[in-house]
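Have the structure open as you read.

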Amino acid sequence: MRFLTVRRHRALLSSLAGATAAATLVWSSPLVSAEASPNPPNVKAAGDESAQLMRALESYGEPRLSPSGTVQPGAYGAAWQHLKGMPVRSASYQEVTTQPFSSDALHFRDHASSNSGGGAGYSSGRLAAMAVDPGHPGVIYAGGADGGVFRSSDDGKTWAPIADHLPALSVGSLTVMPDGSLWLGTGEATTAYENYVGSGVYRLADPSTGTFTEADQVGGSELQSSSIHELRLDAEAGYVFAVTSHGVFRRALNAGQTSAWQKVLAPCAGVGITGVSCGATAYYADIANDLVVQPGSGGKSLVANVAWRSGATYNGFYYSSDAGLTWKLANPTGAINPKEIGNATFAYSGDGSKLYVVMESPVLLNKGASTVLAGVYVAPNGNIAGPYNQIATSSVLANSGSAMKRTEIGPGYQPGVQAWYDQSLGVDPSNPNHLYLGLEEVYESWDGGGSWQTVGRYWNFGMPCFSYTVSQNTCDGNVMHSDQHALAFSSWSGKAPEVYVGNDGGAYARPTAQKTPGWRNLNASGTLRTLQYYSVGVGSLPGGGNAVWGGLQDNGVALATPTSSTYTYTYPGTTTPVTEKLNPSGEMTEPFGGDGGDQLVNPNNGCQTVGEYTGLALQLTNNCGYTANDDGTPSAIVNIAPNDPTPRFIAPFAADSADAGYWVAGGEYVWANTKTWASTSGADWQQLYDTGAGRSITAIASQKRVVWAAWCGGCNAGSTFGRGIATNYGGSWHQLSLPADFPNRYIQGMTIDPSDPTGATAYATLSGFSRHWNEGPGAGYGHIWRTTNGGATWTDVSGNDTAADSFPDAPANRLLIAQDGTLTVATDLGVFVDEVKTDGLGHWKRLGPTDITAAGNLPTAAAVYLTPSPDGGTLYVATHGRGIWTTPMP
């Protein structure tokens, strides 16, 4: 998760002061002029940004896991099988976000709101895995957290997707085997909240030219609904290990394709070892994070980390001396405290003589400390029991040229603050003392950890070298996007070996022998398209074409415009209109930094938009966020955030569908704004209704100022989960009494039927899975519910769940009603339409080509948001992992 610029902290002070206790920003020193001081003030409370990242991940997972917090294995696979048998409404999709995405564009550097100028360069979405093809020089693979697998045949210059139509595009691991095949483990493992998206392991026989299909699945259904952190080869013993959220699994490398995976290590379940106390609920039990095979042991000696990031009595290092058949719990000695073991990553030197470990501390995590890094360690004898020497601490790394040094970034955000999420470790295959460590930044050591250098800084802001005046900015090239997840090494004959890094902003590379600053940015072509959108908004531009906006995970708010687009604007304090070229380089830009969220765009003026950072921190621009001068002035964005006590991480806001002069937003309160594009501060919002202490609005819609607001409270999946709907239909605000059969699941969307001028007809869109797969109380059935009488009664219009034309049992995210009344719904498995309403039951079709794998189909990344083009003829679909796509409006 990207840290905010100091200027943006100042602009958002009032809005963020009302955040929930778990993520409230506490200002630890007076704010001073950033222009007057080379270093930022201490603006973060300890652990704040890490807590905010947890909220981001949870906000994506909780709706899908409500009410119980657990989805049974097979849920995702069953939904996939159902949709393959559904009737089809023929359509073809085109990708919109194909331009390179520049997070450093020169004229989008608003000091208060943008991260442009920080040095990351070109970005793509979060990568969870990388692999190098040793048999094909120049061929590398990248795994998007929610975007599938991409292949480059020219060492990262260009990329192409090779897994777009698998049942799940969430990637946990990529491994090239000795026979040249590429093995893919699905289900990203940076957080347990996305476990349900995994559909197992796949093997592509000829990855240098081939494409993954369902037929490439290895094993049965035993790894469905799991996240796979690593796939590890034990070549000498002839096994492949899957390191998953449900323990460690093994299968013979040469076993038949359908041969099942065998669970070999799950301490809580008593598999592979007995007598270990669990100390965690079933959902957090037996989470395996890493496994490595000791070189030179004949494939017999293995070590594994099984641990929950927040602490559990089963947390520990486990080892096997018989290739994984039986296991023992290690008692590490030396610098490692066994009681402090959390999420850990191992790396052996090439000869097996040294075992390196980077480890997160649950103790520090639960304290909300400024770092949760226990340390980096080495066992010089290669033994899992040690003794271990500590070779790096957060303080050591902070003083290695880091942008996260206290004097640069403040005391509350030190190296390793997100070590439960950011973790990678690699040893140069040709040098046992040459190490790469990935946390928020990338660090390098040439002497086995005796000394370290930051070679991939978090950013340049706050550094003595930084200046918004381009000619005075002297920062070197040792900077990249933050939050590191993957490392890989090449060793092709005739080419210098390189190290490859995957992080929240894509892929970077450099020769392992390099000691000068700089990285190759492998995102520059714009073909590694793994951007994780939360939203999309579209508006026409006066010069022609549309401005396409969307909030992103850890990549701010993206703006895509035609290359020839211009905008005429009169800057504050001036009287002469100026025509600016918005996109002279043919690139997308990032006018807003940090994390994006919902997006509101004026359909008649695409340069007018309201973007969200997090927690209803709303910011408005009337000129596309364009800063006229090279130094990022004048300011182009204004903070208009209402001060709400408990907004969701991504809180909803929208324009009234029939009254352009009326906006609504939701936190604990329902808010209204009548100044709209003339807004200048959060004071322009007025409270309309209080849903209740501890509640947070999850979806909101307004038509002729009749407002519908769905809420959760508590919002965490589990025993305290609750939900409801409030409305002012009928003239006064009131809570609805929902019927007993209305599912007790997260309400992701509210849509008012435009054909009903009274606002009495509305649809509620529900996330999660039905009671078939979710044993939570009241999980119920159906995903689309309709009322025609202001909420007095409700009808499930998901259809007969045994019929082929019923709505798929998968999380539904957004419902749009076309001019002819057709319902279109975005889900985690694609887009669906309901054209037949005569019997009121719902008869649904998949929107796309008949062949689900055909060109022109939408990739199976979660479709999270729908919006029409300004003329109503085109449907824009935002996916969380594969960018934005269009198709003719159904």
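**From surface to rings**

The protein chain has an accessible surface of about 27500 Å², and 51% of that belongs to carbon and sulfur atoms (Shrake-Rupley method, 1.4 Å probe). Please keep in mind that this is a predicted model, in which local features need pLDDT of at least 70, side-chain atom pairs count only at pLDDT 80 or more, and totals for chains, interfaces and linings use all residues. Residues are numbered from 1 along each chain as its sequence is written, and side-chain values use heavy atoms, leaving out hydrogens and water.

Along its principal axes, the C-alpha trace spans about 75 × 65 × 50 Å.

Now for the rings. The model holds 24 aromatic pairs; rings of Phe, Tyr and Trp (its six-membered ring) pair if their centres lie within 6.5 Å, and planes under 30 degrees apart count as stacked, over 60 as edge-to-face and the rest as tilted. Tyrosine 413 and tyrosine 458 have ring centres 5.7 Å apart and planes at 75°, so this pair is edge-to-face. Tyrosine 413 is buried, at 0% relative accessible area, and tyrosine 458 is also buried, at 0%. Tryptophan 708 and tryptophan 794 make another edge-to-face pair, 6.2 Å centre to centre with 90° between the planes. Those two tryptophans sit 86 residues apart, linking distant parts of the chain.

To finish, look for the aromatic cluster formed by Tyr413, Tyr458, Trp459, Phe461, Phe466 and Tyr468.

Key
Buried means under 20% relative accessible area, exposed over 50%, partly exposed in between (1.4 Å probe, protein chains only). Helices (H or I, at least four residues) and strands (E, at least two) are DSSP runs, numbered from the N terminus.
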